[in-house]
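Trainee: I am new to this structure. Please take a close look at one part of it and walk me through what is there.

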Amino acid sequence: GKNYVSVPTAGARLLMLRSAATSFVAHRVRAPVSSTSRLRVVGGSPLSSRFYSSKKMQFAPGKTTIGWIGTGVMGNSMCGHLINAGYSAVVYNRTKERAQALLEKGAKWADTPMQVAEQADVVFTIVGFPKDVREVILGETGVLKGLKSGGVVVDMTTSNPSLAQEIATEATKKGCHGVDAPVSGGDIGAREARLTIMIGGEADVVTALNPLFSCMGKTIKHLGAAGSGQHTKMVNQILISTMMIGLVEGLLYGQKAGLNLEEVINTVSQGAAGSWSLNNYGPRILRGNFDPGFFVEHFIKDMEIVKEESKRMNLTLPGLDLALELYHQLQQLGHGRKGTHALMLALENINRTKFNPPLAGK
């Protein structure tokens with residue numbers, strides 16, 4: 001007389017769920033995906049995913065309009081190379097006069113980063129500090145307010161890896177793409193299109209951007225997902241920080257020893273002490289030219305980012321700590337807007353001596 005209810009076993013329930021999921025996916029994805037489209041899954045499991053297809057991304061002179069935000073020491077040359085290669089450009093800078101050379105090359109002016117993005121397929125930014133990156137990309141009149149679906153924003157500022165990841169996430173929400181691509185090589189590398197470009201982002205997007213990167217640099221490396229480019233730049237800055245100490249100490253020592261410093265550089269650069277900094281900044285120091293290829297205040301910013309990231313990783317970096325202390329001293333002496341090789345001026349102050357540039361005026 002009892003009534004029994006049939007309860008499926010765990011195995012049977014699993015089979016039922018699999019069948020339902022297969023039916024759901026088959027119902028949602030009916031059209032075949034062409035060779036020029038990609039099927040993306042955004043989100044977690046298939047049951048909660050959104051599916052969309054996008055045309056293969058291609059950028060080319062005469063077809064692609066670039067946006068450029070930040071026309072300082074580096075940005076002016078970098079954007080200029082893209083214009084010379086045949087790309088149309090829309091530019092923005094906080095001080096319009098600093099964009100004048102690009103406007104004379106044919107670039108259009110926009111009054112806000114948002115207006116730049118509204119007219120561009122790809123927007124590049126290279127500004128001073130992470131707060132500036134946040135403002136020009138994520139702000140109320142920022143790039144992501146104007147960028148069309150499928151557009152790309154490429155931040156080439158040295159900035160926080162976590163901010164690069166945030167930008168990529170916010171771009172994805174708009175159907176766009178965020179890439180971090182900080183550079184090394186200074187003003188010389190920018191002028192001569194010989195920059196090293198360290199890239200984080202989606203592989204297919206980075207591949208599509210390579211023709212643009214090739215106009216600005218010689219060493220172009222995709223290092224991984226969003227934020228990877230910035231982490232690699234942090235490694236670069238750690239290496240440079242202590243290398244610059246060795247450079248200025250060596251030259252000051254050589255002068256006190258009565259050596260011909262030009263001959264010293266020519267000699268030691270051929271051995272284990274050879275470096276990009278020695279070859280490029282050494283001659284500038286000998287001429288007493290401390291004009292910025294990269295500002296002291298921006299280098300301090302980079303080292304403070306490294307300190308923040310290394311603390312999160314439970315790392316102690318004593319060499320970096322020493323370099324940061326010396327550069328803070330240099331900034332306190334009033335040299336924050338000079339180039340990083342002006343560290344010689346801090347060493348003069350510590351030693352109560354004077355470095356006499358042997359090639360001054362040459």
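Mentor: What follows starts with one arginine and then turns to a few other sites.

This is a predicted model, in which local features need pLDDT of at least 70 and side-chain atom pairs count only at pLDDT 80 or more, while totals for chains, interfaces and linings use all residues. Residues are numbered from 1 along each chain as its sequence is written, and side-chain values use heavy atoms, with hydrogens and water left out.

Arg284 lies in helix α12, residues 276-287; helices are DSSP runs of H or I with at least four residues, strands are runs of E with at least two, and both are numbered from the N terminus. Arg284 has 7% relative accessibility and so counts as buried (under 20% relative accessible area, with exposed over 50% and partly exposed in between, using a 1.4 Å probe and protein chains only). Leaving aside residues up to four places away in sequence, Arg284 touches Asp187, Ile188, Asn289, Asp291, Pro292, Gly293 and His341, where contact means heavy atoms within 4.5 Å.

Ala193 sits in the loop between α8 (186-191) and β10 (195-200). Ala193 is not a glycine, yet its phi is positive, at about 55 degrees. Most residues other than glycine have a negative phi. Ala193 counts as buried because its relative accessibility is 14%.

Arg352, in the segment after α15 (343-351), also has a positive phi, of about 50 degrees, without being a glycine. At 69% relative accessibility, Arg352 counts as exposed.
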